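The sequence and structure are shown first.

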Amino acid sequence: MVELIIFYVLAIVISVFSIMAVSSKRLIRSATYLLFVLLATAGLYLLLDYEYLFAVQTAVYAGGIMVLFIFAILLTHKPGDRVPNEPKRQRILSIILSVAGFAFCAHIIFHNINRVYQLVPANEINVKQLGMTLMGTEKFEYLLPFETISILLLACMVGAIMIARKRS
Amino acid sequence: MTGLFDNFFSGSVPLEGYIIVSLIMFFAGVYGFLSRRSLLMILISIELILNAADINFAAFNRYLYPGHMEGFFFTIFTIAISACETAVAIAIVINIYRNLNNVDVDNLQELKEPDSPEEIKK
């Protein structure tokens, strides 16, 4: 009951703010709406009993990526700037395309998922188990992707500095 | 009316709820990606799309395979990859702004810099 009400609130926040984020005329506003969407998504993870995912989503998305976005917006736009209007034809076409896609997918979902899947109480994922799984090399353990991700992070850090540095 | 009320306010959250929320988020992202012309708005749309995929992974893992953790780890790795992607993309956006003074996709004909040393040599 309480979970359902919380879920409805989060769902409404996500739906409204994600639509506002892509249709706002001011960039800094749409970045703020994106922040609300990301925080509400973190709330959904909490509702799914994934506390660690909640922490990662809040720290990495709402903390890191949003700061990057706000930096980029303030570096490339003046504070009061409005984004110029897109051509009407392009906007109507994309509205039609996304509404059609939404209707198609919603139809498929409602005709293929019945309510047999109920939420069973999950065994809690504690941090020790998480670390062992992340560092193990057995089946269903993730050392190789972890190392690959670390190399990817290093490469993209070097690449971002290379691209954005000032040429003398 | 009470039946509807009971149906909506009893039991746990159904799996469809999460999928519909992520579907709305995904197609909001698709709309923004197709209709907006500022590079930063396109990036914001991409973030929305990635986030919708993350919700799906976590929800399917929790509902269909509660004992496993594949979707959980896939979500963590997706978040890390999207952080990488945003960092590189924003570096490119700032570089473009330095060369062209705006970030509209319509003005981007080539990725090459206009007055690179090789160009001057020719």
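## Helix packing within and between the chains

In this predicted model, H2(A) and H3(A) pack with their axes 8 Å apart and at an angle of about 175°. Axes are lines fitted to C-alpha atoms, for helices over the stretch in contact, and angles run from 0 to 180 degrees between N-to-C directions. Helices (H or I, at least four residues) and strands (E, at least two) are DSSP runs, numbered from the N terminus. H2(A) and H3(A) are therefore roughly antiparallel to each other; angles over 145 degrees count as roughly antiparallel, under 35 as roughly parallel, 65 to 115 as roughly perpendicular and the rest as oblique.

On the H2(A) side, the residues that meet H3(A) include Leu27(A), Ile28(A), Ala31(A), Leu35(A) and Leu38(A). Among their counterparts in H3(A) are Phe54(A), Tyr61(A), Met66(A), Phe69(A) and Ile73(A). Two residues are in contact if their C-beta atoms, placed from the backbone, lie within 7 Å. By class, the contact of H2(A) with H3(A) has 17 nonpolar, three polar and one charged residues. Here Ala, Val, Leu, Ile, Met, Phe, Trp, Tyr, Cys and Pro count as nonpolar, Asp, Glu, Lys and Arg as charged, and the others, Gly among them, as polar.

The axes of helix H2 (residues 27-47) of chain A and helix H3 (residues 39-64) of chain B come within 11 Å and cross at roughly 5°. That makes H2(A) roughly parallel to H3(B). Residues of H2(A) in this contact include Ser30(A), Leu34(A), Val37(A) and Leu44(A), and those of H3(B) include Met41(B), Ile44(B), Glu47(B) and Asn51(B). The contact of H2(A) with H3(B) has 13 nonpolar, three polar and one charged residues.

H3(A) and H4(B) have axes 10 Å apart and pack at an angle of about 10°. H3(A) and H4(B) are therefore roughly parallel to each other. Among the residues of H3(A) that meet H4(B) are Val56(A), Val60(A), Gly64(A) and Leu68(A), while H4(B) contributes residues including Phe72(B), Ile79(B), Ala83(B) and Tyr97(B). This contact of H3(A) with H4(B) has 17 nonpolar, five polar and no charged residues.

| Helix pair | Axis distance | Angle |
|---|---|---|
| H2(A) and H3(A) | 8 Å apart | about 175° |
| H2(A) and H3(B) | within 11 Å | roughly 5° |
| H3(A) and H4(B) | 10 Å apart | about 10° |

Chain B has five helices and zero strands, in the order α-α-α-α-α from the N terminus on. Of its 122 residues, 44% count as buried. A residue is buried if 20 or more other C-beta atoms lie within 10 Å of its own, exposed if 12 or fewer, and partly exposed in between, with C-beta atoms placed from the backbone. Among contacts in chain B between residues at least 6 apart in sequence, 46% join residues at least 24 apart.

In all, 62 residues of chain B are in contact with 69 residues of chain A. On the side of chain B that touches chain A, helix H2 (15-35), H3 and helix H4 (70-100) of chain B each supply at least two residues. H4(B) gives the largest share of that side, 20 residues. By class, the side of chain B that touches chain A has 45 nonpolar, 12 polar and five charged residues.

In H2(B), 16 of the 21 residues are buried, so H2(B) is largely enclosed by the rest of the structure.

## Further features of chain A

Chain A is divided into domain 1 (1-81), domain 2 (87-112) and domain 3 (124-168), with bounds from an automatic or database domain assignment. The centres of domain 1 and domain 3 of chain A, taken over C-alpha atoms, are separated by 23 Å.

Of the 25 residues of H4(A), the number buried is one, so H4(A) lies largely in the open.

Two non-glycine residues have positive phi. Asp49(A) has a phi of about 70° and is in the loop between H2 and helix H3 (51-76) of chain A. Asp49(A) is partly exposed, with 17 other C-beta atoms within 10 Å. Phe140(A) has a phi near 60° and is found in the loop between helix H5 (127-135) and helix H6 (143-164) of chain A. Phe140(A) counts as exposed, with 10 C-beta neighbours inside 10 Å.

## Conventions

Residues are numbered from 1 along each chain as its sequence is written, and chains are lettered from A and ligands numbered from 1 in the order in which they are written. As this is a predicted model, local features need pLDDT of at least 70 and side-chain atom pairs count only at pLDDT 80 or more, whereas totals for chains, interfaces and linings use all residues.
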